[in-house]
Amino acid sequence: MVRFDPFRELEELQERLARAFGTAPQQGPRVYAPPVDVMEDEAGLHLYIYLPGVEPEKVEVVAEEGVLSVKAERPFEKKEGVAYHRLEGPYGSFARSFNVPSTYDLSRVQARFRHGVLHLLVPKAEETKPKKIQVQVE
């Protein structure tokens with residue numbers, strides 16, 4: 001269901017270690033993977049992606065070739081005259097991708113954004129929904 005990216009996992013581990021030992025973070029652009037809850041019910045697949053502080057217009061959802069991708073950005077705006085002692089909030093670019101089985105219809109994805117949580121509903125494909133068969137009496 002979730003596309004595994006070993007390099008992203010290593011970068012996240014490296015960042016946590018740098019914070020734990022108080023060393024300087026790496027330079028250059030980073031892409032963070034926001035936390036996600038994935039659930040399924042009779043309507044389809046529900047994904048809840050946590051994007052605190054992200055403006056809805058900075059969120060991009062793309063569905064193509066069996067993959068559902070979410071990208072977002074929360075830029076850090078440094079203010080002059082402010083001494084930053086600790087910044088633990090998520091800033092920068094965010095991205096997650098999910099392999100979606102063909103039992104779901106990516107052409108009908110619905111997206112809602114509320115209180116920093118992006119809710120995606122991927123409906124089940126019509127051909128996979130149970131069909132009631134009429135029994136003929138002879």
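The conversation below takes the labels one at a time.

Tutor: This is a predicted model, in which local features need pLDDT of at least 70 and side-chain atom pairs count only at pLDDT 80 or more, while totals for chains, interfaces and linings use all residues. Residues are numbered from 1 along each chain as its sequence is written, and side-chain values use heavy atoms, with hydrogens and water left out.

Student: How do you know how many helices and strands the protein has?

Tutor: Helices are DSSP runs of H or I with at least four residues, and strands are runs of E with at least two, both numbered from the N terminus. By that rule the secondary structure comes to 1 helix and 8 strands, and along the sequence they follow the pattern α-β-β-β-β-β-β-β-β.

Student: Why is strand β8 called largely enclosed?

Tutor: A residue is buried when its relative accessible area is under 20%, exposed when it is over 50%, and partly exposed in between, using a 1.4 Å probe and protein chains only. In β8 (residues 117-123), 7 of the 7 residues are buried, so the strand is largely enclosed by the rest of the structure. Both of its faces are covered, with V117, H119, L121 and P123 buried on one side and L118, L120 and V122 buried on the other. For the protein as a whole, buried residues make up 25% of the 138 residues.

Student: What makes β8 a paired strand, and which strands does β8 join?

Tutor: Two strands pair if DSSP finds at least two bridges between them. Strand β3 (residues 44-50) is joined to β8 by 7 bridges, and strand β7 (residues 110-114) by 5 bridges, so both meet the requirement of at least two. The β3 and β8 strands run antiparallel, with Y50 standing opposite V117; β7 and β8 also run antiparallel, and there F113 stands opposite L118.

Student: What lies between β7 and β8?

Tutor: These two strands form a hairpin with 2 residues between them. H115, in the loop between them, has a positive phi of about 55° although it is not a glycine. At 72% relative accessibility, H115 is over the cut-off and so counts as exposed. E65, in the loop between β4 (59-64) and β5, likewise is not a glycine and has a positive phi, of about 50°; at 81% relative accessibility, E65 counts as exposed.

Student: Why are β1 and β4 called edge strands?

Tutor: An open sheet is formed by 4 strands in the order β1-β6-β5-β4, with mixed pairing. Each of β1 (31-32) and β4 pairs on one side only, and these are the edge strands. The link from β1 to β6 consists of 2 bridges, with the strands running parallel, and the bridge partner of Y32 in β6 is F94.

Student: What makes a set of residues a nonpolar core, and which members touch the most others?

Tutor: The term covers buried Ala, Val, Leu, Ile, Met, Phe, Trp, Tyr and Cys residues joined through side-chain atoms within 4.5 Å. The largest such core has 17 residues, of which L51 and V122 touch the most other members. The elements giving two or more residues to this core are β3, β5 (67-74), β6 (92-99) and β8. Contact means heavy atoms within 4.5 Å, and, leaving aside neighbours within four places in sequence, L51 is in contact with P34, V59, A72, F94, F113, G116 and L118.

Student: Why is F21 called exposed?

Tutor: F21, in helix α1 (residues 6-21), has a relative accessible area of 67%, so it counts as exposed.
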